[in-house]
Amino acid sequence: MNPTNVLYRFKIIMIGDDNSCLLYRYMYGSFPKIGNVNVGVHFNDKILEVEPGVTVKLQIVDTAGHESRINCYAFPQSAGCLLVFDLCNYKSFTCIKHQYTEVCNRVNPYTVLFVLVGNMCDRKEQEVNEEEVEEFARELGAPYIKASAKTGHNVAEVFELVTRRIYQGYLNGEVHLHESWGKYQFRIIMLGDSTVGKSSMLKRYTEDLFLECINQTVGVDFYVHFLEVEPGVRVKLQFWDTAGQERSVTRSYYRNSVGGLLVFDLGNRKSFENVQQWYAEVSERVQPYTVLFVLVGHKNDRVKGERAVDRAEAEKLASQLGAPYIEASAKTGHNVKEAFELLTRRVYQGIKCGEIQLRDGWDGVKSSTPTAQTLQRIQNNEAAEKNKNCAC
């Protein structure tokens, strides 16, 4: 199957217990070894033919089931949702009911189509009553399927079922393409040491909330926001909020990011000194792509005596990095919106002036307009087809 002939792209989110095992079996045809547990969010791509000549690329978002705060920001992005529970664990079935409600609350104004999946059907010691599951599926208006990641039973069928459900929903008008999804999509990564306030900034920007106590990020959190950079040009922003101490997780996201907020705590000298290390690490790993930065001195609500970094030396560092500098506070809301919009417009201008090149296979920037490589490939395919038809 030729992936260049993809007609549709569907994003599917998996929530609940043991979803990673199901996905691993689907992607690799085997049962994962003990200890291969996801931290944060993982993306997996698969090509599927839903009917002759109609090819779909699936982007499957695999979240660690215990990290529901990660899941909620991916909901409005997804056309399909697999609600996975363990047939041998009644609590997991109860949790799925709550998570279903959370999806419905967050997905407006978009439509997400569900499939209910009971995993571990190969085991005899099942705690979940079959009639109760089927009643819940009827309430959802969703199909129910039993599968086993361990044996592989019905695993491919699970993913094919949700894909065809989305495809039919699109054909009959149940699923719509929304203009507000944006002409562009920029992937932005939050960089900086742990506890500098990256999550607080994102929470303030996306939800206008500030929490005095916020759970420390584990792996990578995921946020979404929309911004009109000029009249008629909407951008969908995907934010990746990294745990500052977990660089082994963070590095995998560098390459597919177009912008980065380098955040340090104005009252923490060490976090300022580490900015250059974050900058160098990203710059090294992003090649051959381009990532643009904004340097943020966070927690500028501190009184003068609490500051460990003055504005002059922060501006000097920003100049060395070729990035603008701004001071902000998630606590008061000062300059938080301005920091994110500054970076977004910097990326947008970079595209317009050619500093950033859109490339096939790179997720830093996605556009509703085909890239030059895509147009060239289409032209080449058309020329080859024409020559083939004209051959004697």
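1. R345 comes out as partly exposed, with a relative accessible area of 32%; here buried means under 20% relative accessible area, exposed over 50%, and partly exposed in between (1.4 Å probe, protein chains only). Its side chain meets that of E341 in a salt bridge (3.3 Å, N to O), a term used for a side-chain nitrogen of Lys or Arg within 4 Å of a carboxyl oxygen of Asp or Glu. E341 counts as buried, at 16% relative accessibility. Both residues sit in helix α11, four residues apart, about one turn of the helix.

2. A word on the source: this is a predicted model, where local features need pLDDT of at least 70 and side-chain atom pairs count only at pLDDT 80 or more, while totals for chains, interfaces and linings use all residues. Residues are numbered from 1 along each chain as its sequence is written, and side-chain values use heavy atoms, with hydrogens and water left out.

3. Back to charges: the whole structure holds 16 salt bridges. One of them joins the side chains of E132 and K97 (3.6 Å, N to O). That pair links distant parts of the chain, with E132 in helix α4 and K97 in helix α3, 35 residues apart. Helices (H or I, at least four residues) and strands (E, at least two) are DSSP runs, numbered from the N terminus.

4. K352 and E230 also meet through their side chains (3.5 Å, N to O).

5. Now look at helix α4 (residues 130–140), whose buried residues are V133, F136, A137 and L140. They cover an arc of only 100° around the axis, which puts them on the same side of α4; the arc is that of the directions from the helix axis to the C-beta atoms. E131, R138 and E139 are exposed on the other side. Just after the helix, G141 takes a positive phi of about 70°.

6. Strand β5 is largely enclosed by the rest of the structure, because seven of its seven residues are buried. L113, V115, V117 and N119 lie on one side, with F114, L116 and G118 on the other.
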